[in-house]
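Please work through the exercises below with the sequence and the model open beside you. Each task is followed by a solution in steps.

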2 protein chains.
Amino acid sequence: MNDIFYDILNRVKEKGYKLTPQRKAVVLAILNHDHMHLNTEEIYALVKEEYPKIGLATVYRTLIVLDELDVITKMNFDDGCIRYEINSETHQHHHLICRNCGKVIEVMEDLLDDIEAMVEEKYQFKIIDHNLKIYGLCKHCLDNQ
Amino acid sequence: MNDIFYDILNRVKEKGYKLTPQRKAVVLAILNHDHMHLNTEEIYALVKEEYPKIGLATVYRTLIVLDELDVITKMNFDDGCIRYEINSETHQHHHLICRNCGKVIEVMEDLLDDIEAMVEEKYQFKIIDHNLKIYGLCKHCLDNQ
DNA sequence: TAAAAAATGTCATTCATTGTCCATATCTCC
DNA sequence: GGAGATATGGACAATGAATGACATTTTTTA
Ligand SMILES: [Mn+2]
Ligand SMILES: [Mn+2]
Ligand SMILES: [Zn+2]
Ligand SMILES: [Zn+2]
């Protein structure tokens, strides 16, 4: 975990961005709330606890930088805002989204090898990443019908 | 094609919505530009040619109705607006998005049976639909490097 | 054709995100 | 450690897609 933190800080520095306490605080907030799919306002609220003077625009700007550096990925769960997630070295995991209660469930299994092989061959498309959302009804909503 | 058009009109009527010329014009504009992933402004511009008095809010409202009726699907290609697509009876197709030029390529092959079977069994999740975006570099951008 | 209900057009408003500006903090090099 | 060059932060304004409000018009159905 600390490894990841310092690796990210290094990437920020290497690309010529300055290492400010605000940027460190944003990175920490995201790292400490992995798999929670925070949006900008939520990250802002978290950072503000430790760093009350920070401005919302700074959080937005930091997220733009982190996205550019491939540190985070933008996620859209159709709820009117962008949410963020730490990028893992491997491919992005998938998300199940309940059409009834809105719950988001993560699926770590990849299982996209077939389609990726087909895409690279048939479409001559060099794959960098993917994003799979599966919509449906979660167990809880099925049971309570 | 005409079948699809009248089928959609019937669905609008069956659900208790009125069949207005504005709604017909919006449906036609989408049908006549299938696979083009139009956004609201683009649909508005198209409808305005035949129906100059229509208001933008009417187009937005019509799209909300069509989405509710499962006639169309909202698409997000990370370009700051929602784009729309006619829903086919079968599962939604996939999209390849070029990280260099932004081109969107459609992939009609499904190839998600494995992962869907796994999700339904392991997560007890009743699948309704899915949305797969694959990011990478298109053939053209690879060749011109 | 007319009454009732719903939809349209216009305009204002919301709200996430981005731009502007200048004081301030960071980094480099000594 | 400190000075200087330069990027960054904070405050606030601005943007723009999307939605809300409401008076007027259109559709439906009898
Ligand atoms: Mn996730
Ligand atoms: Mn498509
Ligand atoms: Zn649910
Ligand atoms: Zn390309």
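**Exercise 1: the negative patch**

Helix H5 (113-122) of chain A and helix H5 (113-122) of chain B each contribute at least two residues to the negative patch, helices being DSSP runs (H or I, at least four residues) and strands likewise (E, at least two), numbered from the N terminus. This is a predicted model, in which local features need pLDDT of at least 70, side-chain atom pairs count only at pLDDT 80 or more, and totals for chains, interfaces and linings use all residues. Residues are numbered from 1 along each chain as its sequence is written, chains are lettered from A and ligands numbered from 1 in the order in which they are written, and side-chain values use heavy atoms, with hydrogens and water left out.

Task: state which residues form the negative surface patch.

Solution. The patch is formed by Asp113(A), Asp114(A), Asp113(B) and Asp114(B); Asp114(A), for example, is placed in helix H5 of chain A.

**Exercise 2: a manganese site**

Task: determine which residues coordinate the manganese ion (ligand 1), and where His37(A) and Glu106(A) lie.

Solution. Step one: the donors (N, O and S atoms within 2.8 Å of the metal, 3.2 Å for Na, K and Ca) come from His37(A), Glu85(A), His93(A), His95(A) and Glu106(A), at 1.8 to 2.3 Å. Step two: their spacing along the chain is H-x47-E-x7-H-x1-H-x10-E. Step three: His37(A) lies in the loop between helix H2 (21-32) and strand E1 (38-39) of chain A, and Glu106(A) in strand E5, so the pair ties together parts 69 residues apart in sequence.

How values were computed. Patches are made of residues with over 30% relative accessible area and no salt bridge: like charges are joined within 9 Å, nonpolar side chains (Val, Leu, Ile, Met, Phe, Trp, Tyr) within 5 Å. Accessible areas come from the Shrake-Rupley method with a 1.4 Å probe; for residues, only the protein chains shown count as cover. A salt bridge is a side-chain nitrogen of Lys or Arg within 4 Å of a carboxyl oxygen of Asp or Glu. Lys and Arg count as positive and Asp and Glu as negative; His and the chain ends are not counted. The place of a charge is taken as NZ of Lys, CZ of Arg, CG of Asp or CD of Glu.
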